[in-house]
Amino acid sequence: MNAPILSARGLQKHYGRVTALDNCDFDLYPGEILAVIGDNGAGKSSLIKALSGAVRTDGGTITLEGKEVNFSSPLQAQEAGIATVYQTLALSPAMSIVDNMFMGREIRAAGPAGRWLRKLDHAKMREIAREKLSELGLMTIQNIDQPVETLSGGQRQGVAVARAAAFGSKVIILDEPTAALGVKESRKVLNLIQDVRSRGIPIILISHNMPHVFELADRIHVHRLGRRLCTVRPEDCTMSDAVALMTGAKAPPGETIAA
Ligand SMILES: Nc1ncnc2c1ncn2[C@@H]1O[C@H](COP(=O)(O)OP(=O)(O)OP(=O)(O)O)[C@@H](O)[C@H]1O
């Protein structure tokens with residue numbers, strides 16, 4: 001296997017007396033979908049927040065493309081190429097699809113004035129938004145000027161994923177992308193995630209939905225008590241094995257449970 005694109009060693013995160021990350025290691029390899037699974041409170045969100053610059057850890061190192069990084073904000077992580085799509089999506093419902101896609105990275109027309117005085121180049125942003133959405137098979141959304149609040153849950157998720165995939169991201173983190181969706185909408189989002197992978201962008205997928213994890217993941221990082229317990233491949237393990245690993249009912253391959 002190639003070198004990991006994103007990795008972490010010995011991450012520590014404490015909230016008062018609670019240890020959320022306890023010497024946690026992590027590896028994501030190029031082009032893969034890595035699912036992160038774990039029981040409630042196991043520390044999955046803390047791991048993702050550490051990787052995406054949303055929390056500062058108390059110890060450990062994070063390496064992106066072989067270079068150590070130390071993000072002090074999600075924006076820094078995003079600029080380095082780590083895009084995170086949270087369950088809340090961070091879309092502005094009243095704004096249009098195209099404005100949401102370019103929020104914070106608006107394109108301005110060329111001109112002599114300073115950057116913030118130049119007019120927004122709406123035509124260019126529309127053209128790029130259309131191109132990015134159709135690359136990902138999302139042009140069933142007819143009108144990119146329609147407000148995001150008029151879209152279905154799955155379509156909104158689609159816009160958030162397209163935004164993450166569109167701007168030179170090296171890694172996309174998806175936090176429970178199907179949790180709020182019905183069966184049909186989930187199916188579209190699962191297809192979209194596979195499309196993103198087929199474009200060569202590796203994905204970290206946090207999910208409690210075992211059928212989705214087993215359908216999409218190339219590898220599964222099992223998180224338990226603040227650290228990586230083991231990684232397994234879906235073809236080597238059943239869903240009930242994975243749940244048993246998460247809950248501590250089963251020991252990781254090569255280990256036995258202490259009596
Ligand atoms: N901001 C915080 N303040 C205090 N404790 C926190 C904070 N964030 C997380 N924790 C604690 O850290 C531990 C790990 O939480 P975390 O949210 O990372 O787990 P999780 O695996 O994502 O859980 P879930 O699946 O329930 O979302 C938990 O005991 C949690 O209560």
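This is a predicted model: local features need pLDDT of at least 70, side-chain atom pairs count only at pLDDT 80 or more; totals for chains, interfaces and linings use all residues.
Trainee: Which residues are around the ligand?
Mentor: A residue counts as near a molecule if its C-beta atom, placed from the backbone, lies within 6 Å of it. Here the list is Y15, V18, A20, G38, N40, G41, A42, G43, K44, S45 and S46.

Trainee: How do the residues of that shell divide into nonpolar, polar and charged?
Mentor: Ala, Val, Leu, Ile, Met, Phe, Trp, Tyr, Cys and Pro count as nonpolar, Asp, Glu, Lys and Arg as charged, and the others, Gly among them, as polar. This shell has 4 nonpolar, 6 polar and 1 charged.

Trainee: Which element supplies the largest share of the shell?
Mentor: Helices (H or I, at least four residues) and strands (E, at least two) are DSSP runs, numbered from the N terminus. The largest share, 3 residues, comes from α1. Both β2 (18-28) and α1 (44-51) supply at least two residues each.

Trainee: In what order do the strands of the sheet run?
Mentor: Two strands pair if DSSP finds at least two bridges between them. In this open sheet, 4 strands follow the order β2-β1-β4-β5, with antiparallel pairing. The edge strands, β2 and β5 (67-69), each pair on one side only.

Trainee: Over how many bridges do β1 and β2 pair?
Mentor: Strand β1 (residues 6-15) pairs with β2 over 8 bridges, in the antiparallel sense. For example, L6 has L28 in β2 as its bridge partner.

Conventions
Residues are numbered from 1 along each chain as its sequence is written.
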